[in-house]
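Dear colleague,

I am handing over a structure that I would like you to look through. My notes on it come after the model itself.

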Amino acid sequence: MWVKVKIKLNRENFKDYASYSLELSRNSTLLDMLVKIKEELDQSLAFRSMCRAGICGTCAIKVNGRPVLACSTKVFVFGEEITVEPIDNVSVIKDLVVDHESLYNKLKLWKVWYNAGEKNTKVSASALKRIERSHECILCGICDSVCPVLTTSSHFGGPTLLTRYYKLLFDPRNTQDRAQSLKNLNPQLCTHCMNCSFACPKKLMPEALIKEEEKLLQEKGIIKKEEGNFGFLEF
Ligand code: SF4
Ligand code: SF4
Ligand code: FES
């Protein structure tokens, strides 16, 4: 199949869409398409990928307005005319390459890692089941890119961070109580619009995890029931 592709280029002296036309097999992924454009039509095109298997989370792009993993999404899903852009809510380094550093810095700032005890802790199958979605997050940043609250409030942790944070709250191997610090990430500012859950390529349903985090804060008396929206609107 032949496809017409428009790609938003973002460079120091050039910020505009470039058009390409190329032939692809029906099984080609968006990443195959970008590689072919780079190899045959435009060596200067910048995009990022590593695992090519939906594991590393580095290849997130926006196609016809929808954020997806380039390595795990077939071209034909989008038809024969395709517009490719970098994902939103994050700064662009070049073309489709975005800066994940701010996300990694947030994980460091909020110490999203376990404080394990000295003894081994037995983890039941049901406890493991509960935290598995949090563990499966690949940090692609797609959920943050579609979150309307993140664009309006600097007080909201955002779906990526809150998805990762979830395991610290409910994994018995973590010995430090993280509920107090969760308060500073303000899960109650989530409007439950579901954008993140619809967009997550790993189907982790971040919104549902955030809802549980908000409930935990309420049950522990750290926030009041009515302390929810629309505090995300900053004037
Ligand atoms: S459900 Fe909440 S976290 Fe997810 S995109 Fe909407 S506001 Fe953001
Ligand atoms: S929750 Fe889903 S969309 Fe968000 S960073 Fe993790 S894998 Fe990506
Ligand atoms: S290249 Fe690793 S998730 Fe796409």
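Predicted model: local features only at pLDDT ≥ 70, side-chain atom pairs only at ≥ 80, totals over all residues.

Residues are numbered from 1 along each chain as its sequence is written, chains are lettered from A and ligands numbered from 1 in the order in which they are written, and side-chain values use heavy atoms, with hydrogens and water left out.

Ligand 2 sits in the largest cavity. A cavity here is a set of points, on a 1 Å grid over the protein atoms alone, where a 1.4 Å probe fits but cannot get out, and a molecule sits in one if more than half of its atoms lie within 2 Å of its grid points. Around ligand 2 there are 14 residues, of which Cys137, Cys140, Gly141, Cys143 and Cys200 come nearest; a residue is near if one of its heavy atoms lies within 4 Å. Helices α4 (142-145) and α6 (159-170) each supply at least two residues of this shell, helices being DSSP runs of H or I with at least four residues and strands runs of E with at least two, numbered from the N terminus. By class, the shell has 10 nonpolar, 3 polar and 1 charged residues, where Ala, Val, Leu, Ile, Met, Phe, Trp, Tyr, Cys and Pro count as nonpolar, Asp, Glu, Lys and Arg as charged, and the others, Gly among them, as polar.

Ligand 1 takes up the second largest cavity. Of the 14 residues around ligand 1, Cys147, Cys190, Thr191, Cys193 and Cys196 come nearest, and α5 (148-152), α8 (195-199) and α9 (206-219) each contribute at least two residues to its shell. That shell divides into 10 nonpolar, 3 polar and 1 charged residues.

Helix α3 (residues 125-136) packs against α6 at an angle of about 145°, with the axes 7 Å apart; axes are lines fitted to C-alpha atoms over the stretch in contact, and angles run from 0 to 180 degrees between N-to-C directions. Contact, meaning heavy atoms within 4.5 Å, involves Arg130, Ile131, Arg133, Ser134 and His135 of α3 and Thr163, Arg164, Tyr166, Lys167 and Phe170 of α6.

Lastly, Ile93 lies in strand β6 (residues 92-94). Its C-alpha atom is separated by 7.9 Å from that of Asn10, 83 residues apart along the chain.

Best regards

Key:
1 Å grid on protein atoms, 1.4 Å probe; cavity = no way out; pocket = protein on both sides within 12 Å on 5 of 7 lines; lining within 4 Å.
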